[in-house]
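I opened the coordinates and went through them one feature at a time. My entries follow in the order I looked things up.

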Amino acid sequence: MPRPGEPDYYRSRARAEGYVARAVYKLKEVDEKYHLIKPGQRVLDLGCSPGSWLQYIASRVGPGGLVVGVDAAPLAIEAVPPLYFVQGEITSLDLETIMSLSPMFDVVVSDLAPKTTGMRQVDQQRSLELASLAWEWARRLLREGGHFLVKVFEGPDTPALAAVLKQNFSLCRPIKPAGSRPASRETLVHFVNFDRANPPAPFPATVRKQFSGPVKSVNWLSPDGDEPLALSFRETGERLTFTTPPLKRYAMIVIAQ
Ligand SMILES: C[S@@+](CC[C@H](N)C(=O)[O-])C[C@H]1O[C@@H](n2cnc3c(N)ncnc32)[C@H](O)[C@@H]1O
């Protein structure tokens, strides 16, 4: 990472080329290498502010395409068709709002990132949670054969998430783009050719504990009224991790102490 006062090549280049963030070069690199975005496509961009990925995607899909950006923070660019912006928390988004713009997308990208604390494990965990949420949206809204590109801060739990998602795609490619700051542990993972016919993959869930004392059991209650299912779980410090069956629209997890 450049020291204060040192020029940052990608920032200067972004300014010169009219992009609102240096982040654009990560997406551009993946696209130029793997042909992610094509003219006329519909693309969903999660965690899109200030908007450099949107600027790039809109130029690639052209007037016959569609780009929908979602972020809790406002954009630093104007949303002009084919670009649409939905401001909101990824956790409380309404599927219908997105589907009213397009019922299905060819590509879903996520550059969602938590506000970093400087504590590596905490930042990794938050990034993984955002990546999992992005996958929740992608698996509902991606068309058969679509692509999913997601950013995650590498950590011990990253391979587990990648392994789960891989079941729904024909290829999974981790990419460390040149545009990433050298000190950053962020990776982009490119999932190719979504298989909608595959049942939704089981989902590794993590709860940051709000209670004290050991946990006795974790049970899954399906919305279909099936028998409660006891899940195996792992407690590490403040975290409780377990894998759920394939997610439906909602379900209840009962944690007993
Ligand atoms: C690295 S920035 C994205 C940069 C963007 N790709 C660009 O090119 O301009 C990460 C974004 O994730 C958003 N974000 C983080 N957590 C979020 C959440 N829970 N809901 C919605 N947006 C979130 C932040 O507001 C931030 O704008």
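I began with the loop between β2 (66-71) and β3 (83-87), where I found Pro82. The model is a predicted one. The peptide bond from Pro81 to Pro82 is cis, and I read its omega as near 15°.

I then looked at another cis peptide bond, the one that joins Ser49 and Pro50, with omega about 5°. Pro50 sits in the loop between β1 (42-46) and α3. I noted both bonds because most peptide bonds are trans.

His35 has a positive phi, near 50°. I located His35 in the loop between α2 and β1. Is His35 buried or exposed? I counted 9 C-beta neighbours inside 10 Å, so His35 is exposed; the cut-off for that class is 12 or fewer.

Asn193 also has a positive phi, near 70°. Asn193 lies in strand β7. With 13 C-beta neighbours inside 10 Å, Asn193 counts as partly exposed.

I went back to α2, the helix that His35 follows. Its buried residues are Val24, Tyr25, Lys26, Leu27, Lys28 and Val30. I listed what these buried residues pack against: α1 (9-17), α3, β4 (105-110), β5 (142-153), β6 (169-175) and β7 (186-194).

For the pair α2 (residues 24-34) and α3 (residues 52-61), I noted an angle of about 35° and axes 8 Å apart. On the α2 side the contact is made by Val24, Leu27, Lys28 and Asp31, and on the α3 side by Ser52, Trp53, Gln55, Tyr56 and Arg60. I sorted this contact by class and got four nonpolar, two polar and three charged residues. The crossing of α2 and α3 is right-handed.

I turned to the largest nonpolar core, which has 52 residues. Val43, Trp53, Ile57, Val67, Val108 and Ala134 touch the most other members. Helix α5 (residues 120-141) gives the largest share of this core, eight residues.

My last stop was an open sheet of three strands in the order β10-β9-β13, paired antiparallel. β10 (229-231) and β13 (252-256) each have a single partner strand, so one side of each is left without a neighbour in the sheet. The twist averages 30° from one strand to the next. β9 (residues 217-221) and β10 pair over three bridges, and Trp220 has Leu229 in β10 as its bridge partner.

Conventions:
Residues are numbered from 1 along each chain as its sequence is written. This is a predicted model: local features need pLDDT of at least 70, side-chain atom pairs count only at pLDDT 80 or more; totals for chains, interfaces and linings use all residues. A nonpolar core is a set of buried Ala, Val, Leu, Ile, Met, Phe, Trp, Tyr and Cys residues joined through C-beta atoms within 7 Å. A residue is buried if 20 or more other C-beta atoms lie within 10 Å of its own, exposed if 12 or fewer, and partly exposed in between; C-beta atoms are placed from the backbone. Helices (H or I, at least four residues) and strands (E, at least two) are DSSP runs, numbered from the N terminus. Axes are lines fitted to C-alpha atoms, for helices over the stretch in contact, and angles run from 0 to 180 degrees between N-to-C directions. A crossing is left-handed if the near helix is turned anticlockwise from the far one by less than a right angle, and right-handed if clockwise. Two residues are in contact if their C-beta atoms, placed from the backbone, lie within 7 Å. Ala, Val, Leu, Ile, Met, Phe, Trp, Tyr, Cys and Pro count as nonpolar, Asp, Glu, Lys and Arg as charged, and the others, Gly among them, as polar. Two strands pair if DSSP finds at least two bridges between them.
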